[in-house]
Each structure stands twice: as C-alpha cells, then as structure tokens.
Amino acid sequence: MLWTRRAALTRCGGALAGLAAWPALAETAYPNRTIKMIVPYSAGGTIDLLGRLVADQLRVGLNAAIVVENKPGAATVLGAEQVARSEADGYTLLTATSSTLAINKALYRKLPYDPVADFTAIAPVARVPFALVVNPSLPVKTLAEFMAYAKANPGLAYGSAGNGSPHHLGAEMLRERLGIDVHHVSYRSSVPALLDVIAGRVAFMVADLQPALPQIREGKVRAIGVTTRQRVAVAPDIPTLAELGLDGFELVAWAGVVAPARLPRPIVDQLAAQIEKLTSDPVTVERLTAMALEPVSGSTPDRFEAFVKAEVDRWSVIVRNSGAELE
C-alpha cells in the first residue's frame, strides 16, 4: 500500500504523540517512588506512634516505599509548613493534630499556612482523651474536693505541654468553669509536665490519658476524671468530668493525615482507603484502645475536611476564652 504524504505525516504524528504520552501514563501509577510521612513531633510520642502505624499500613497496602521524618518545633508549625509548601503529588504527607489544624489558627497571629486552604484532608486516625490528674499528696479525690482545695489555696500550679496546647487550654477551661485561681507552668512536652506532677513540683495537670494511665495505675498520680463525653473503654472506673458536675465539658484532641492542597482525588481515595483499613482492623483497634486512644473509622475525606473546618471555629472560642498568649 502506497502512503500519501499527508497519511504518512498523520501516522507518524500519531506515533510520536503516543510516545510523548508514555511517560505521563507511566507516572500515573501511584505510588512509584518513596512517600515521606512528616510527623511534627519528636520520636517516641503518641502522634509519632500513630504516624508510624499509618506509614506501615501504606507500606503494606500500597506496596510503597515510605519513610517517617520527625520534624518537631513551634507547636507543629515547622512540619506543617514544610508539607503545605510541598508538591501535591501524594509523596509528602503530614500526621496532623488538633493543634496543627485547629488551635494554631487561633493561637498564631501570622500562621505560615492555612489549615483548611493549604491542605487536602485525607482521613482521621484517632482521638486522644485527657484526664485531670493531681499529685497523690493533695487531699482531694473528687472534683468537688479539688475545687474546694484550689479555692482555699489560690495560685495552685499546673503543668502543660506548652502555651496553647490542649493540656493548657483544658486546664484553663477548668479554671473558668470552676472559678479557681491557678498558675500555669509551661513545659516543652507533656511528659516532663507529668513527671513534675508526680514529683510534686506542680499540683496538677490536664494530661493526655495515654502516658498518664500507667502512672495512674501505679498510684503515682490520682485521676479525678476524664474529659470525654463517655468513660474511656480502657479505664471504665474513671468518671467523666461531666458526670462529676461539669455538664457538657469535653476536651479531646485528635490526629489525622493530610497532604498538600489540591491532591488529585484518585490518590486521596487510595490513601483514605488504606487508613480506613488500619483504623477498622480489630488488632489495631484493640492495640490503640489498650493505650487509651480511640481509633476513628467510617469517615471520608469530605467528612474529615468538614470536621477540620468545624474544629477551627470551636477551638478559636476556647483559645479566646483561655487567656493563652498569642504568638
């Protein structure tokens, strides 16, 4: 068959177009290179654990190469800013918390990222309950006794994981609701604050239950009540503060996974499906529950995005009422 000049050009052009499209088609297979999970906290803590659990799930479920990079600092701002400025290609993810995506918006005058506009919400991972704990030498076992003791001893010191942390805001919520005069002592993280409650250097703190529970069980600190709406499954003997008279009181932090804004939806859905597998896996649920964490399953990227927006509004009120210093 003889080709005309036009037919030859047409066929060659089509072949060249196909060759040109081949790299683009090859790049659509996700993932085909290493994924980086940024954890904006130090290694060894609760959020680091959750980030590594997610990373392990993605490694197995997506057959992906993945590394976890801890980048603590500035109340998670450093790690969050890095992810917000990264390419929206699915190869840079962030284990974000209520501090990262909600509290910081109200706490920082010039936050270098927008918690809604600069990220793609993928999935929540777990809720983090808190408890009001006191040094066992304090002559208090109930919320009423704690309130009476604090009023009789104004200026009582409490520890927190830093200005604007959930620990700080929770204690300030108690100060306002109970009408007590207390003094804030800020630490770099919750663990040294908890150690100083044990040592008696500070009288109490609102502590995340995960590191506090072993100390409670050993009698090194005394739990007055948990800050969740219902009792925590792993510690059913500890009443809620709402049960003890603070109607509607709730303080729960949370962690989830986000990516840079405008991540393509097919990649979002792949990642969300893997996180759902993790948080609904009976073995994982049992493990996290035993650690006083509450896995979150049954969400979607759209629901998680709506949740983050609502949390920004909710925490802005709490920060405004707390007297936390704006940074």
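Buried, in this talk, means under 20% relative accessible area; exposed means over 50%, and partly exposed lies in between (1.4 Å probe, protein chains only). Helices (H or I, at least four residues) and strands (E, at least two) are DSSP runs, numbered from the N terminus.

Two notes on the source. This is a predicted model: local features need pLDDT of at least 70, side-chain atom pairs count only at pLDDT 80 or more, and totals for chains, interfaces and linings use all residues. Residues are numbered from 1 along each chain as its sequence is written, and side-chain values use heavy atoms, with hydrogens and water left out.

Confidence next. pLDDT is the predictor's confidence in each residue, from 0 to 100. The protein chain has a mean pLDDT of 91, and 91% of its residues reach 70 or more. The exception to watch is residues 1–26, where pLDDT is below 50. Beyond near neighbours in sequence, that stretch has 3 contacts in the model. Contact means heavy atoms within 4.5 Å.

Now strand E1, residues 35–39. Of its 5 residues, 4 are buried, so E1 is largely enclosed by the rest of the structure. Which strands pair with E1? One is E2, residues 66–70, parallel, over 5 bridges. Another is E3, residues 92–97, also parallel, with 3 bridges. Two strands count as paired if DSSP finds at least two bridges between them. For E2, isoleucine 35 has isoleucine 66 as its bridge partner. For E3, lysine 36 has threonine 92.

How does the chain get from E1 to E2? Through helix H2, residues 46–61, in a right-handed β-α-β crossover. Right-handed means this: with the strands pointing away from the viewer, the path from the first strand over the helix to the second runs clockwise.

On to helix H4, residues 98–107. H4 is mostly covered, with 8 of its 10 residues buried. Those are Ser98, Ser99, Thr100, Leu101, Ala102, Ile103, Asn104 and Leu107. What do they pack against? Helix H3 (77–84), E3, E4, helix H6 (166–178), E9 and H11. Take serine 98. Its relative accessible area is 1%, so serine 98 is buried. Leaving aside neighbours within four places in sequence, serine 98 contacts Ile103, Ala253, Trp254 and Trp315.

Next, the nonpolar cores. In soluble globular proteins, nonpolar side chains tend to be buried together. A nonpolar core here is a set of buried Ala, Val, Leu, Ile, Met, Phe, Trp, Tyr and Cys residues joined through side-chain atoms within 4.5 Å. The largest has 82 residues. Leu50, Leu93, Ile122, Phe146, Phe204 and Leu271 have the most contacts inside it. Strand E4, residues 119–134, gives the largest share of this core: 10 residues. Look at leucine 93. Not counting residues up to four places away in sequence, leucine 93 touches, among others, Ile35, Met37 and Ile38, plus Ile122 and Leu271.

Last topic: charge pairs. Side chains of opposite charge can pair when their charged atoms come close. A salt bridge here is a side-chain nitrogen of Lys or Arg within 4 Å of a carboxyl oxygen of Asp or Glu. The structure holds 16.

Pair one is glutamate 243 with arginine 231, at 2.8 Å, N to O. Both residues are in the loop between E8 (222–226) and E9 (252–260), 12 residues apart. Glutamate 243 is partly exposed at 45%, and arginine 231 is partly exposed at 39%.

Pair two is aspartate 302 with arginine 265, at 3.1 Å, N to O. Aspartate 302 lies in H11 (residues 301–322) and arginine 265 in H9 (residues 265–280), so the pair ties together parts 37 residues apart in sequence. Aspartate 302 is partly exposed at 44%. Arginine 265 is too, at 39%.

Buried or partly exposed? Arginine 314 is partly exposed at 31%, whereas glutamate 311 is buried at 7%. Finally, salt bridges that share partners join Arg265, Asp269 and Asp302 into one network.
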